[in-house]
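I opened the notebook for this chain and went through it element by element. Entries follow in the order in which I looked things up.

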Amino acid sequence: MMVEPKPRDRSETARRDILAGGIVVAGILLFIGTGGSVMQSAVQLLIGIGGGPDRVLSVALILNVALILFGWRRYEDLNREIRERTEAEQRARYLADTDPLTGFLNRRALLARGQRLIAEATADRRHVALFLLDLDHFKTVNDIHGHAAGDRVLQVAAERITAVLPPNATKARLGGDEFVAMLPFDPAARANIDALAAALVAALDDKVAHDSQQIRVGASLGIALATDASMTMETMVRQADIAMYHGKDEGRNRHIWFEQGMEMAVQVRNQIETGIRDGMPRGEFIPYFEPQVDIATGRLVGFEMLMRWESPEYGLIPPERFIPVAEESGLIGELSLQVIGRAMEIAKSWDPSIILAVNISPQQLKDPWFSQKLTKLLVEVGFPASQLEVEITESSLFENLPLVRSIVTSLKNQGVSLSLDDFGTGYSSLSHLRALPFDRIKIDRSFIAAMRGSADAQAIVVAIVRLGESLAMPITAEGVEDEATATELTRLGCSKGQGWYYGRAASAEDTARLLADRSLLRAAMLPDAPPDEEEELRKRA
């Protein structure tokens, strides 16, 4: 690392340079004054004329030559110092402007160079496209495979970006797993920009080899456009970032251009995320409970917990509005455990025969400590593990099957039941059902809804029921909305069902009333019920 000279060092160097320069000048003047006569006497001596040069003059000549040689040596030293200093400054500038892992520009250098690029391109009546790429699921790579694997993925991503883009592209790494590329182009050649963006997404979708592992991440790409010099780099990066997140919302692994309407959607998303962060400590997220019944007898056997947001500003917000934001922002783990804890506190008053089923986000199954966290929650609340059923979506099995196996096995060892949710919508195989200790299979509601009007959907339901029978796994059907569907499911052999036909998701208070009416409350009282109502419930229970 180059050390900046102190002021005293600079002044001393300057004095030495002046002294050396003075010595060289004096030597040259002396050489001119004495060298001529000395050389003449020396030549005469060689040809036999004269008595040779004077001794003093000879010494002066030698001194002049020595002074000139010293000055030349010092001149070369100064040139070398200047070259070394220039190279050190260039190296320092390179390090200041470059990301050390990928060799791309860093954020600070990009903002400066990008602004010049916009000005130069628009002066030539050209447009500038800014690509912002974000690697999908990159955090999972670090969590599961380690940071060395994460660095390898970033380096390979940089190599693939360089291979796809033309040499004149300006490339940068903003930080983390975000990359930027800028390209000037003729306005009529916008299709070429689309083709380049598609090629980048395709290149980054290929697997990365690391320590005998094949890591796959993919990328989402947002594109912002500058058509005149008034566009600032900060605005371009923000617009491309908005477009990139819009692409993630639409399914990831794609590219999309920024449009003005997207900014409003981002503002709404940011409001939701802020609301989640502020609402969690205030207890605004509450459990609702959807009944699950034995289809053959109609007996109430459990409830699936569904999350609701009781916002003081916007009212009751359904999960499809805020769960995706909680997953993207990394808040889902804390939020889910908080609401599950509240549901367990409520369910402690239920009859032991009533099961509490809870959904687990795929993001939570990427946490190696999830089973310990849930077990700790069971102990703290004092809720029986045998009364809890954890529902895992089918798509969760493919992120990291060994980690999922470890988590579900740990939960199973604690006495928790396990259900494979949304079966039929993902890519589960019989090997997964055999490898993981599931107790129950849930048929996705889309097949149940289509069953009466589609022979194919009914065939799928029949096949799943028969599969469950062969594996000794009871079947739960979601989305049962009428008596005819319930009758058909009973005929097919489904053991448990839920849906509007049996009752919609209800608050803790309404659920307690339902259980009290059926004498299924362990502690026969409603939350915050008046004394006379409590007494009535005791009599019923």
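Two strands count as paired here if DSSP finds at least two bridges between them. The model is predicted.

**Entry: β8 and its partners**

I started with strand β8, residues 285-294. Two bridges join β8 to strand β16, residues 496-497. That meets the cut-off of at least two. These strands run antiparallel. I looked up the residue facing Asp294 and found Lys496 in β16.

Next I checked strand β9, residues 300-311. β8 and β9 pair in the antiparallel sense over nine bridges. Pro287 has Met307 of β9 as its bridge partner. Five residues lie between the strands of this hairpin. There, Gly298 takes a positive phi near 80°.

Is β8 covered or open? I noted it as mostly covered, with nine of its ten residues buried.

**Entry: a contact list for Thr511**

I then went to Thr511 in helix α17, residues 508-517. Its relative accessible area is 2%, so Thr511 is buried. Leaving out residues up to four places away in sequence, I listed what Thr511 touches: Phe289, Phe303, Trp350 and Ala506.

**Entry: the open sheet**

I traced a five-stranded open sheet in the order β2-β3-β1-β6-β7, with mixed pairing. Which strands sit at the edges? They are β2 and β7 (255-257), and each pairs on one side only. The twist averages 20° from one strand to the next.

I took a look at the β2 end. β2 pairs with strand β3, residues 178-185, in the antiparallel sense over five bridges. Gly175 stands opposite Glu178 in β3.

**Entry: salt bridges**

Side chains of opposite charge can pair when their charged atoms come close. I counted 22 salt bridges in the structure.

I opened the pair Asp99 and Arg173, whose closest N and O atoms are 3.1 Å apart. The pair links distant parts of the chain, 74 residues apart. Asp99 sits in the loop between α2 (55-97) and α3 (107-123), while Arg173 belongs to strand β2, residues 170-175. Buried or exposed? Asp99 has a relative accessible area of 10%, so I logged Asp99 as buried. Arg173 also counts as buried, at 14% relative accessibility.

My next pair was Glu263 and Arg238, at 2.1 Å from N to O. Arg238 is partly exposed, with a relative accessible area of 38%.

I also looked at Lys376 and Glu380, which meet in a salt bridge at 2.4 Å, N to O. Both are in helix α11, residues 370-381. They are four residues apart, so about one helical turn separates them. Both Lys376 and Glu380 are exposed.

Salt bridges with shared partners join Asp134, Asp136, Lys248 and Arg252.

**Entry: nonpolar cores**

In soluble globular proteins, nonpolar side chains tend to be buried together. I looked for such groups here.

The largest nonpolar core has 77 residues. Which members touch the most others? I noted Ile276, Phe322, Met344, Leu356, Leu374, Leu388 and Val390. Helix α10, residues 332-347, gives the largest share of this core, with eight residues.

Leu388 touches Met344, Leu356, Val358, Leu374, Leu378, Phe383, Val416 and Ser417. Another core, of 33 residues, lies apart from the largest one. Its members include Phe138, Val141, Leu183 and Ala197.

I finished on α10. Which of its residues are buried? I listed Ile332, Leu335, Ser336, Leu337, Val339, Ile340, Gly341, Ala343, Met344 and Ala347.

Last came a length check. At 1.5 Å a residue, the 16 residues of α10 should span 22 Å.

Conventions:
Residues numbered from 1 in each chain as written. Predicted model: local features only at pLDDT ≥ 70, side-chain atom pairs only at ≥ 80, totals over all residues. Heavy atoms only, no water. Buried < 20%, exposed > 50% of the residue type's maximum accessible area, 1.4 Å probe, protein only. Salt bridge = Lys/Arg side-chain N within 4 Å of Asp/Glu carboxyl O. Axes fitted to C-alpha atoms, helices over the stretch in contact; angles between N-to-C directions. Contact = heavy atoms within 4.5 Å. Core = buried A, V, L, I, M, F, W, Y, C linked by side-chain atoms within 4.5 Å. Expected span 1.5 Å × (residues − 1).
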